[in-house]
Amino acid sequence: MSDITLTSSMRSNLLTLRNTSVLMDRTQDRLATGKKVNTALDNPLSFFTAKSLNTRAGDLNELMDGMGQAIQTIKAADHGINAITRLVQQGRALVNTAMDENDAAQRAILAGQFDTVMTQLDQISTNRDAGYKGVNLLDGDTLTVNFNESRTSQLTIQTTLADFTSGTTGLDIGTAGQATNAWALAANMENDLDSLDAALLTLRAEASAMAQNLSIVNTYQDFTQNMIDTLTEGADKLVLADMNEEAANMLSLQVRQQLGTNSLSLASQAQQSILRLF
């Protein structure tokens, strides 16, 4: 059987319709996905560059999670310092009350109350009440916060005190964290008052350091979020399609397809005239 013969005008119109159909498929794909580059075949350079940018943005997002958890850990420690500070101030008020008391028995009662306050202070530090997800900065733990993917930029947070108990390894209040000699003598109360004043100074310094660390992590968190936005925006500029432009392209292609169909119909009329002779 011989091949079917088409006129040159019909072949030209068919080729035009085929090209229009390809363009319509591509435009429909862009409208459906919102991207002008969906695979490496569309534009290898843009595709792999955008993929690299999005990968780094994803890595930074993971670091953002770590920074967020670090902030909560620092806040938990700061809450603990504030609570311990209030207990130290409460103990100081008991000492001042005892210093105005002439009855030794009454001073002993106040000393017992002081010991109870110090016990509560110790529990905040050692029972991990001020800890977050297993990290208690008030009990000698160390927190490391990473700020970049290679872990070359980081902040290590650790208090200067080994712990925040009232004992000699911590705030060193009174005699091993207890009222000295049940405050039998004025010198005992003065000694404990001095240790409480020193403890308050230490706590204020530690609170200031915590606030500074919190400010640093917050600053890096904002910086990292801005970097993520920049990377994502850069990737989008490489692969995202202009939806208005693509919608206009689709309308134009539909008109072109209709015109091509009509042109093909006109090109075939010559052969239809020969058919009428039969």
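I began with contacts in the protein chain, counting heavy atoms within 4.5 Å as a contact. Among those between residues at least 6 apart in sequence, 70% join residues at least 24 apart.

I noted the ground rules next. This is a predicted model, where local features need pLDDT of at least 70, side-chain atom pairs count only at pLDDT 80 or more, and totals for chains, interfaces and linings use all residues. Residues are numbered from 1 along each chain as its sequence is written, and side-chain values use heavy atoms, with hydrogens and water left out.

I listed the elements. The protein chain has six helices and two strands, taken as DSSP runs numbered from the N terminus (helices H or I, at least four residues; strands E, at least two). Along the sequence they follow the pattern α-α-α-β-β-α-α-α.

I looked up burial. Of the 278 residues of the protein chain, 35% count as buried, meaning under 20% relative accessible area (1.4 Å probe, protein chains only).

Of its 49 residues, Ile84, Val88, Phe114, Leu171, Ile173 and Trp183 touch the most other members. The elements giving two or more residues to this core are H2, H3 (104–126), E1 (143–146), E2 (154–157) and H4 (186–239). H2 gives the most, with 17 residues.

I checked leucine 94, which lies in helix H2 (residues 44–99). Leucine 94 counts as buried because its relative accessibility is 13%. Leaving out residues up to four places away in sequence, leucine 94 touches Leu110, Gln113, Phe114, Val117 and Trp183. Leucine 94 and glutamine 113 are 19 residues apart in sequence and 7.9 Å apart in space, C-alpha to C-alpha.

I looked at the strands. E1 and E2 pair in the antiparallel sense over four bridges; pairing takes at least two bridges found by DSSP. Leucine 143 has isoleucine 157 in E2 as its bridge partner. The covered face of E2 holds Leu155 and Ile157, and the uncovered one Gln154 and Thr156.

Last I asked which side chain of opposite charge is nearest to aspartate 192. It is arginine 107, 11 Å away, with Lys and Arg counted as positive, Asp and Glu as negative, and His and the chain ends not counted. Aspartate 192, in helix H4, is buried yet has no salt bridge (a side-chain nitrogen of Lys or Arg within 4 Å of a carboxyl oxygen of Asp or Glu).

Terms used:
Buried < 20%, exposed > 50% of the residue type's maximum accessible area, 1.4 Å probe, protein only. Core = buried A, V, L, I, M, F, W, Y, C linked by side-chain atoms within 4.5 Å.
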